[in-house]
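The following exercises are to be worked with the sequence and the structure in view. Each task is followed by a solution in steps.

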Amino acid sequence: MDSVAQRLSVVGAGAALELRGVTRLFGALAALTDVTMTVRPGERRAVLGSNGAGKTTLFNCITGDFPPSSGTIRFFNEDITGFPPYERIRRGLRRTYQISALFPGLTVLDNVYLACRGVSRGRFSMLRPGQNDALMQSAEALVQAVHLTPVKQQRVAELAHGQQRQLEIALALAGAPRFILFDEPAAGLSPAERLELIDILTSLPAHIGYIIIEHDMDVALRVVESVTMMHNGRVFKEGLPHDIESDPEVQELYLGGGHE
Amino acid sequence: MSLIQPAELPVVTPAGAARPSTAGTWPEFDNPAAWIVAAILLIMPLIANGFFLIEIFGTTLILGIIALSLMFLAGYGGMVSLMQLTIAGFAGYMYAVFGVSGHPNISLGWPWWLATPMALALATLFGTLGGALAVRTEGIYTIMITLAIGAAFYYFTNQNWAIFNGHTGINNVATPHFWGVDWRSDIPFYYVVLAVAALCYFAVEYLARAPFGLALQGVRDNPRRIAALGFNVNAHRVAAYAFASFLAALAGILQVWNYRQISPGSVGVERGIDILIIAIVGGIKRPVGPFIGALIFVILRTFALDFLVKIGLDGNRFRLLIGLGFLAIVFWSSDGVIGLWESWRRRIRTGASGLRGKQSHG
């Protein structure tokens, strides 16, 4: 398969993310079959596909939530296939969850502070952060960046859905992310909130690459430069957004045909 | 509606954000009830006789510390451990074994200031190892493993004569004497217990807002996500066991100073379950809960017998009273007595504003 990403990755120093023959079985069911994919640093890519295409399983394999049954995953040239999730996160990988996975008993600020603390030293620190604590300041800045400052002292359980989605993104931006996996960040957002999301995604620093799973084409195709189409756990097609959009096979499978 | 919020709302600048730090750090400072309780506890020796001072309040504080260690694990970490009393008992045994007792063939005769840190260290190690086993499981299996450790230790102390002196246990354990004070005499001992309990209480409260405690609550709320933020979940859980074990070990030392003896009866399985009842009855969401639960438990245990005999029932049924109280609290409040009190206050408040409806947050 002549993929855009593969051609481009030859130019760069190496791939941000390199999957080789990744397969994930759940019992007899193959959720992913022989997925090979290369994403260069700073690249922004959408993963499309119908329900059950294996998109979220792909994310779970990359982050280590479920390790792959076979195949290898390299992150900035390091083989992370056998690493536990926290080791991958500490190397600059981040993800958001399709269904908000937050800490409902803690405040907004504490959620973000934990995200900042998780990728730096002192995870076991028994000293409370002081007023000038650098991590607390970066947590404040992140809260500000996703417009949650007015509710930062509220418990997450009390937040509206859209605010929880914002917080999901803030958690993924903590520390120094090098590559982010966004799992349907626009799910359940209002049109105005979607615009805000697009704004956040497009204003990320250029060195931060990401993969986004998104059903909303208006969102997905505006924030990426390449697209991977998945079907039944396999990579079906890769290309530039407008090529994929106008591809008759893809249209039949996903965009136009929809519900089979 | 969330994304496009006007930024000029009561937005605090990052610098001003840490402003409510005193109140946030120690909520007790703003609470008159806390000052009153502290004052009463401090002048207790003036109002209470020796029996009340030690048998009621001293015992309450000691049991409260053990239950506090469970509250730390269960309330912040979501791990219900039934071995906290066992860890306390282990510390007590180790103090008796390394220190001075009426069994010179068993006890090594170390002075108290050497035997105490040794016992604390060994009991913390014991609890940490138990925790390392328990964190491989979740929910009911954690309960089963810690219960099994507690039961195994109870039977082991019963049958081992070389170190634990079998079912007789170790008697006449020496207690600290220095600066011309017998620290086991009622009033000094009460203050020692009060100081340790206060230290443990504030340590738990402080830790809850430190990175370690926050991450532990993150582990409780969503272990998968906290791993996806860079935390090693199991390591965090084991560290929580280590800290809780240290608290329980402190209480165990006080316990053996209090009774001057320790025997398998002190580490029985039903005693361990009492700790769970104390924590649940008091409430496991905040560190004050275990102490309230312990006070209720000790008062019931001490006076229910006389009360039952007086109304013509078998005095040994006091556990029935505790059990009924336990049932009632679990039925009406998921957060123990504190939860009951809070919902009662809320009802008063909403009642005053003319609203009869119940609030959904809890």
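**Exercise 1. The contact between the chains**

How many residues of chain B are in contact with residues of chain A, and how many residues of chain A take part?

Solution. The model is a predicted one.
- Step 1. On the side of chain B, 33 residues are in contact with 42 residues of chain A.
- Step 2. Three helices of chain B, namely α8 (186-207), α9 (211-221) and α10 (223-227), each supply at least two residues of the side that touches chain A.
- Step 3. The most is given by α9(B), with 7 residues.
- Step 4. Sorted by class, this side of chain B has 21 nonpolar, 8 polar and 4 charged residues.

**Exercise 2. Two helix pairs in chain B**

Describe how helix α4 (residues 50-77) of chain B packs against helix α13 (residues 288-310) of chain B, and then against helix α5 (residues 84-98) of chain B.

Solution. Two packed helices are described by the angle between their axes and the distance between the axes.
- Step 1. For α4(B) and α13(B), the angle is about 135 degrees and the axes are 7 Å apart.
- Step 2. The crossing of α4(B) and α13(B) is right-handed. Residues of α4(B) that make the contact include I56(B), L63(B) and M71(B), and those of α13(B) include F291(B), L295(B) and V298(B). By class, this contact has 12 nonpolar, 6 polar and 1 charged residues.
- Step 3. For α4(B) and α5(B), the angle is about 130 degrees, with the axes 9 Å apart. These two helices are therefore also oblique to each other.
- Step 4. The crossing of α4(B) and α5(B) is right-handed. I66(B), S69(B) and L70(B) of α4(B) meet Q84(B), L85(B) and A88(B) of α5(B). The classes here are 4 nonpolar, 2 polar and no charged residues.

**Exercise 3. The overall form of chain A**

State the helices and strands of chain A, and explain why chain A is described as being as compact as a globular protein of its length.

Solution. 
- Step 1. Chain A has 10 helices and 10 strands.
- Step 2. The radius of gyration of chain A is 18 Å, close to the 18 Å that the globule rule gives for 260 residues, so chain A is as compact as a globular protein of that length.
- Step 3. Along the principal axes, the C-alpha atoms of chain A fill a box of roughly 55 × 40 × 40 Å.
- Step 4. Of the 260 residues in chain A, 50% are buried.
- Step 5. Among contacts in chain A between residues at least 6 apart in sequence, 68% join residues at least 24 apart.

Methods. Residues numbered from 1 in each chain as written. Chains lettered and ligands numbered in written order. Predicted model: local features only at pLDDT ≥ 70, side-chain atom pairs only at ≥ 80, totals over all residues. Axes fitted to C-alpha atoms, helices over the stretch in contact; angles between N-to-C directions. Helix = DSSP H or I, 4+ residues; strand = E, 2+ residues; numbered from the N terminus. Left-handed = near helix turned anticlockwise from the far one by under 90°. Contact = placed C-beta atoms within 7 Å. Nonpolar A, V, L, I, M, F, W, Y, C, P; charged D, E, K, R; others polar. Rg over C-alpha atoms; globule rule 2.2 N^0.38 Å. Buried ≥ 20, exposed ≤ 12 C-beta atoms within 10 Å, placed from the backbone. Parallel < 35°, antiparallel > 145°, perpendicular 65-115°, else oblique.
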